[in-house]
Amino acid sequence: MASTLEAQIKAVPTVLTEGRESGRLAFKFSRNIKERIIEGLLFLAAASSVLTTFGIVYILVSESWQFFKAVPITAFLTDTQWTPLFADAHYGILVLLCGTLVTSFVALLVAVPMGTIIALYLSEFASFRVREFAKPVLELLAGVPTVIYGFFALLFVSPILQFFFPNLPGFSMLSAGLVMGIMIVPYISSLSEDAMRAVPMALREGSYAMGATRFQTALKVVTPAAFSGIAAAYILGVSRAVGETMVVAIAAGMQPNFTLNPMEPAATITSYIVQVALGDLPHGSIGYQTIFAAGLTLFLITLAFNILGYILRRKYKESY
Amino acid sequence: MATAELNRDLSAIRRLIAKAKRYDLAFSAVGFLFLAFGILVFTALLVDMAVSGAGRLSLDFFANFPSRRAEGAGILSAWVGSVMVMLVTAAFAIPFGVAAGVYLEEYARKNWFTDVIEINISNLAGVPSIVYGLLALGLFVYQFGFGQSVLSAGLTLALLILPIIIVATRESIRSIPQIIREGSYALGATKWQTTSHHILPYSLPGILTGVIIGLSRAIGETAPIITIGALTFIAFLPPSPITSSPPYFNFEWLASGFTVMPIQMFNWTSRPEEAFQANAAAAGLVLIVMTLSMNAFAIYLRYRLRKNIKW
C-alpha cells in the first residue's frame, strides 16, 4: 500500500513533466506552423504586386498581338494618319505621339524651371516658417484630382490665354500643357528638394568658409552635388506628363492632329484611349485593340523613364 | 601710398561682396515669387470652382439623379457610387498593402526576389493610371467576367493605390527602433507576436496617413474608371448592401453598374451648355473639398506624429 503510494508520488512529477514536455513540444510545433502560415500569407501579399506587373504586360501584349496581326508594325510606326474608326483606316501612332510630345514639352517648360527654383528656394533660402507653410500647401496641390485641373484648364486658363492670343481655339495643347506643368511642379520640387537636403551640411559649410554666398553655394555646390536626384525628379516629371490623361482629354480636344504647334488642338495617346472607352466599341474589334496598342506604347515610354529615374535616384542615395 | 592702395582694394572687395549678396537677395525674391505664383494658381483654382459652383450647391444637388435639365440634376448616383467603390478599394488595398509592407520590412530576406519585388513596386508607382484601366478592362471586365461593375472599379483603384500604402507602411515600420523588437524577442515572443503586438500598433498612425492619401487619390481618379467603361449617365442606385430581411446584407451591389464623382464632373464639363458647367463646378467643389480635407488630415497626422514620438 505504502509502496504503491510512494511509487505514485514518485510518478507524479515525471508524469507532470512528461506531460508538460510533450505539451510544450506540441505548443511549439503549432506555434511554428502558425508562424509559417502567417509568413507565407504576408509573402503572397508582397508577391501579388509582381503579379500586377505581369497582368499589365500580359494584357497589353496579348491584345496588341491581335492588333499587330492585322496592322503591320511598320505602318503603326511610320504612318502619318490616325483614323482607326474611319472606313479608310490608318494607324499611325506618330500622330498621337506628337500630341503627347507637345503637351509634355509645354508642361515641362513650366514645371522644370519652376520646380527647380522652388526646391532651391525652400531648401537653401527659405526661413523655417515659410518652409513649414509651403510644404504642406505644395502637397495639397499634388492631391487635387486631375479632372479638376482639366476643368480649370478649359474654363479658366483657356479664356485667359485667348485674351492674349485671340486666335487660340477653345481646345488647345497650350492651355492643357500649361496646367499640366503647374500640376507637376509639386512632384519636381519635392523630389529635388529631398535630393538637395540629402547633400551633407559639411559641403555647404566648406563653401561658406571659403567666403561663398548662399546663391553661389546653392548654384555651384548644392546643385551639382544633388544633380542625379534632381535629374531623377525631372525624369519622373516627364513620365507623369506623358501618362497624364484627364487634363489633355478635357482641354486639348480629342481630334487627332499631326502637328507640333501647341496653339492647335490635338489628341494624345491617353486622350485617345479615353475617347474610345467613352464610345461603345465591341470587345475584340480592331478599334478596341487599338487602345491596347496605344497603351503598350505609353507603358513602354513611361517604363523607360521610370527605370532611368530609379537608377539616378539610387545613385544619389548611395553617394553620401 | 600703401594705405591708399589698401583702401582701394578693400572697397573693391566690398563692392564684390555687395554684388554677390545682391544675387542672394534677387534669387530669394525670385524663389518666393515662384512659390507665391504656385500658391496663387491653387487659390485661383479654388476660387474659380467656388464662384461658378457654389450657386448650385443645395441639399437637392446631393439628393437628385443626373438629369437632362441642368437645374434639376444632382450627384446622388455619383456620390453613392464613389462611396461603394471606395469600400471595395479599401477592403482590398489596406490588407494587401499593409501585409506586403510588413513582409518587406520585417520578414523578407535579402535575396534577388526581394529586390525584384522592391523594384517592381517602385515601378508600379510610376505606371500611368490609364494603364491600370487597360489592365482592368482586359482582365477584370472581360477575362474574369466581372463586367463594368463596382467590383471591377474598386479592384482597379486598389491596385493603383497599393504602392502608396506599401511605401507608407514600410517607412512607418522602418522608424521603429530595433530595441522594441529585441525587447519583445527577449520575452519569448515570436516574430508574428512581435509584429502584431508591437510593430503594427506603433506604426499605425503612419500607415493611416498612407491609407488616407491613397484613398483620396483613388476618389479623384478618373481615367482608369472611364477606361473600364463606367457609364456617364446613371439614374439609379446600386442595390443596397444592407437589407431588411435576414441575412441583412447582400453583395449584389458589387455587380451593379455605377458612376463616380469625377466621371460625373467630367461628363458635365464636356457639355457645351453653361448651366451644366456650373454643375461641373459644383461637383468639382464637393470633390475638391473631400480630397483636400482627407489630404489635410493626413498631413496633420504626420506632423503631429513627428512631434510626439520620441523613442
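Helices (H or I, at least four residues) and strands (E, at least two) are DSSP runs, numbered from the N terminus. The model is predicted, with local features needing pLDDT of at least 70 and side-chain atom pairs counting only at pLDDT 80 or more, while totals for chains, interfaces and linings use all residues. Residues are numbered from 1 along each chain as its sequence is written, and chains are lettered from A and ligands numbered from 1 in the order in which they are written.

**View 1. The fold of chain B.** Along its sequence, chain B runs α-α-α-α-α-α-α-α-α-α-α, with 11 helices and zero strands. Its C-alpha atoms occupy a box of roughly 105 × 65 × 35 Å along the principal axes.

**View 2. The contact of chain B with chain A.** Chain B contributes 71 residues and chain A 70 residues, two residues being in contact if their C-beta atoms, placed from the backbone, lie within 7 Å. On the side of chain B that touches chain A, helix H1 (residues 2-53) of chain B supplies the largest share, 18 residues.

**View 3. Helix H6 of chain A.** Helix H6 (residues 173-197) of chain A has 25 residues and spans 35 Å from first to last C-alpha, close to the 36 Å expected at 1.5 Å a residue, where the expected span is 1.5 Å times one less than the number of residues. H6(A) bends by about 35° at Ile184(A), with a proline, Pro186(A), following within four residues; the bend is the angle between axes fitted to the seven residues ending at a residue and the seven starting there.
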